[in-house]
Amino acid sequence: MEKLLVKTRAGTFLLDATPRGLSAVHFPGQFQKPKRLPRASPFLRNAGKMLRRYFLDPCAPLYRVKIDTSSLTLFQRKVYGTLRRSGNKLISYAALARESGFKNAGRAVGTSMKKNRTPVFVPCHHVVKANGDLGGYSCGIKWKRYLLRNEGLLYACFSLLLCFFPSIIRQLRIVASLCLRINVSEEKVSLHCNPKRSPN
């Protein structure tokens with residue numbers, strides 16, 4: 001396995017690679033900086049170049065960098081592959097499961113995102129909850145916000161939330177209406193069962 005330190009606008013990353021492709025991405029402050037590294041292969045140097053370019057141009061084609069999938073399950077390979085091909089857009093866990101050919105596997109997709117060892121290159125930060133909530137991120141939710149902001153996608157999350165709020169308000173109004181009806185009915189029953197006594 002070979003390693004490469006990559007200085008970007010967002011900080012210094014550490015990339016790992018095997019002869020099969022990129023195997024791990026370590027975020028700034030989340031790894032012990034190696035003292036000395038041998039010269040990296042052209043493949044890994046190119047991966048580092050693409051990562052630097054991404055933080056300057058979010059449309060950099062990171063999907064062209066080969067990922068080492070030898071340790072992945074068939075499910076993970078299909079989900080990661082679908083996500084890499086989906087482009088620069090948000091997608092929900094359930095939608096990613098469906099597009100990968102696994103209906104009703106939203107939770108399993110979430111687990112696979114947590115186990116993603118090559119974030120940014122496999123853009124698990126694009127996967128959010130159906131209501132627009134950011135969900136989790138293995139490298140920290142602050143990094144997820146940063147990456148989405150870098151790509152101009154953070155506003156899209158807020159838009160989803162705004163679209164989701166009216167349905168919540170409607171449901172609350174229905175619940176409040178039902179509670180009001182129940183209270184009125186209880187008062188009527190109480191009056192019927194306990195009529196006022198006439199004064200002596």
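Predicted model: local features only at pLDDT ≥ 70, side-chain atom pairs only at ≥ 80, totals over all residues.

Reader: Why is Asn104 called exposed?

Author: Exposed means over 50% relative accessible area, buried under 20%, and partly exposed in between (1.4 Å probe, protein chains only). Asn104 has 74% relative accessibility and therefore counts as exposed. Asn104 is found in the loop between helix H3 (93–99) and helix H4 (106–114); helices (H or I, at least four residues) and strands (E, at least two) are DSSP runs, numbered from the N terminus.

Reader: What makes the phi of Asn104 worth a remark?

Author: Most residues other than glycine have a negative phi. Asn104 is not a glycine, yet its phi is positive, at about 60 degrees. Val120 also has a positive phi, near 80 degrees, and is placed in the loop between H4 and strand E5 (127–128).

Reader: Is Val120 buried or exposed, and how do you know?

Author: The relative accessible area of Val120 is 3%, so Val120 is buried.

Reader: How do you know that the buried residues of helix H5 lie on the same side?

Author: In H5 (residues 141–150), the buried residues are Trp143, Lys144, Leu147, Leu148 and Asn150. They cover an arc of only 160 degrees around the axis, and therefore lie on the same side of H5; the arc is that of the directions from the helix axis to the C-beta atoms. Lys142 and Arg149 are exposed on the other side of H5.

Reader: What makes Gln76 a buried residue, and which residues is Gln76 in contact with?

Author: Gln76, which lies in helix H2 (residues 74–85), has a relative accessible area of 9% and is therefore buried. Contact means heavy atoms within 4.5 Å. Leaving aside neighbours within four places in sequence, Gln76 is in contact with Ser71, Ser112 and Lys115. The Gln76 side chain also reaches the backbone nitrogen of Thr73 at 3.0 Å.

Reader: What is called a nonpolar core, and which residues touch the most other members of the largest one?

Author: A nonpolar core is a set of buried Ala, Val, Leu, Ile, Met, Phe, Trp, Tyr and Cys residues joined through side-chain atoms within 4.5 Å. The largest has 42 residues, of which Leu15, Phe27, Met113 and Phe121 touch the most other members. Helix H1 (42–56) is among the elements that give two or more residues to this core, and H1 gives the most, with six residues. A second, separate core of six residues includes Leu90, Val128, Leu153 and Leu154.

Reader: Why is the pair of Tyr54 and Phe55 called edge-to-face?

Author: Rings of Phe, Tyr and Trp (its six-membered ring) pair if their centres lie within 6.5 Å; planes under 30 degrees apart count as stacked, over 60 as edge-to-face and the rest as tilted. The structure holds nine aromatic pairs. In one of them, Tyr54 and Phe55 are 4.9 Å apart centre to centre, with 75 degrees between the planes, and the pair is edge-to-face. Tyr54 is buried at 2% relative accessible area, and Phe55 is buried at 0%.

Methods
Residues numbered from 1 in each chain as written. Heavy atoms only, no water. Polar contact = N/O pair within 3.5 Å; in protein donor to acceptor, adjacent residues only side chain to side chain.
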